[in-house]
Amino acid sequence: MKWFVGLLVLLGACTREPGRSPQAEACHAPEDRCRPPVAGHGVDGKPVADDAFQGKVVLVNFWATWCAPCIKELPALQKVYARNKDRGFQVVGLVSADEASDEEIRLFANRFGVSYPVVRASEQLESSFGLGGVLPTTFLYDRTGRLRRHWDGAIREEALEDEIRVLLQ
């Protein structure tokens, strides 16, 4: 098992706690998955309403404060968000498998300049996305809510920007 964890770290991903399996379900067909609703309260205490994401290109990023690849990718996500938020792009950070308090997570995100909503992911929310055992895990949805891209492991800023550019046209 240690060699597997080491391999994932080298590949730019962290393992989550064992025993969680993906429960992905397609909304229409396997190749046409719809974005599950994301709503609740952010770690900053502000409400996060799913209807605010309607008609936008939405990136949902599962991460944790203890995950080195997650930490490495946070500045890239923030940069892409800052460049594209006025064009209809939204990022939502979902904190998963993390024992840090909401206040600790908020301070952590602030240290990296994260300005998009950050919500603690419940088991139900993780299950609705089909989250497996890797962090970071990221899902990219087009303006209609259809899944367009899925990444297990850290995303390169340039690769994400290329994907976003196509979906925002």
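**Note on the predicted model**

1. In this predicted model, helix H2, which spans residues 68-84, and helix H5, which spans residues 157-167, have axes that come within 9 Å and cross at roughly 30°. Because angles under 35 degrees count as roughly parallel, H2 and H5 are described as roughly parallel to each other. The crossing in which H2 passes H5 is right-handed.

2. Which residues make the contact between H2 and H5? On the side of H2 they are Ala 76, Leu 77, Lys 79, Val 80, Arg 83 and Asn 84, while H5 contributes Glu 157, Leu 160, Glu 161 and Ile 164.

3. For the chain as a whole, the secondary structure amounts to five helices and nine strands, and, read from the N terminus, the elements follow the order α-β-β-β-β-α-β-α-β-α-β-β-β-α. The chain has 169 residues, of which 48% are buried. Among contacts with a separation of 6 or more, 73% are between residues 24 or more positions apart.

4. In soluble globular proteins, nonpolar side chains tend to be buried together. Here the largest nonpolar core holds 46 residues, and the members that touch the most others are Phe 62, Phe 89, Leu 94, Val 118 and Phe 129. Strand E4, residues 57-63, supplies the largest share of this core, namely six residues.

5. Phe 89 deserves a separate look. When residues up to four places away in sequence are not counted, Phe 89 touches Val 57, Leu 59, Val 80, Tyr 81, Asn 84, Leu 140, Ile 164 and Leu 168. Among these partners, Val 80, Asn 84 and Ile 164 also belong to the contact of H2 with H5.

6. Cys 70 lies in helix H2, and with a relative accessibility of 1% Cys 70 counts as buried. Apart from neighbours within four places in sequence, Cys 70 is in contact with Trp 63, Ala 64, Leu 135 and Pro 136. From C-alpha to C-alpha, Cys 70 and Ile 155 are 9.2 Å apart in space, although 85 residues separate them in sequence.

7. Two of the partners of Cys 70, Leu 135 and Pro 136, are joined by a peptide bond that is cis, with omega near -5°. Pro 136 itself lies in the loop between strand E7 (134-135) and strand E8 (137-141).

8. Leaving out residues up to four places away in sequence, Thr 65 touches Ile 71, Asp 98, Ala 100, Ile 105 and Phe 108.

9. The loop between strand E5 (89-95) and helix H3 (102-111) contains Glu 99, and Ala 97 lies in the loop between E5 and H3 as well. Glu 99 is exposed, with a relative accessible area of 83%, whereas Ala 97, at 22% relative accessibility, counts as partly exposed. Ala 97 has a positive phi of about 50° although it is not a glycine. The C-alpha atom of Glu 99 is separated by 9.0 Å from that of Ala 64, and the two residues are 35 residues apart along the chain.

How values were computed: Residues are numbered from 1 along each chain as its sequence is written. This is a predicted model: local features need pLDDT of at least 70, side-chain atom pairs count only at pLDDT 80 or more; totals for chains, interfaces and linings use all residues. Side-chain values use heavy atoms; hydrogens and water are left out. Axes are lines fitted to C-alpha atoms, for helices over the stretch in contact, and angles run from 0 to 180 degrees between N-to-C directions. Helices (H or I, at least four residues) and strands (E, at least two) are DSSP runs, numbered from the N terminus. Angles under 35 degrees count as roughly parallel, over 145 as roughly antiparallel, 65 to 115 as roughly perpendicular and the rest as oblique. A crossing is left-handed if the near helix is turned anticlockwise from the far one by less than a right angle, and right-handed if clockwise. Contact means heavy atoms within 4.5 Å. A nonpolar core is a set of buried Ala, Val, Leu, Ile, Met, Phe, Trp, Tyr and Cys residues joined through side-chain atoms within 4.5 Å. Buried means under 20% relative accessible area, exposed over 50%, partly exposed in between (1.4 Å probe, protein chains only).
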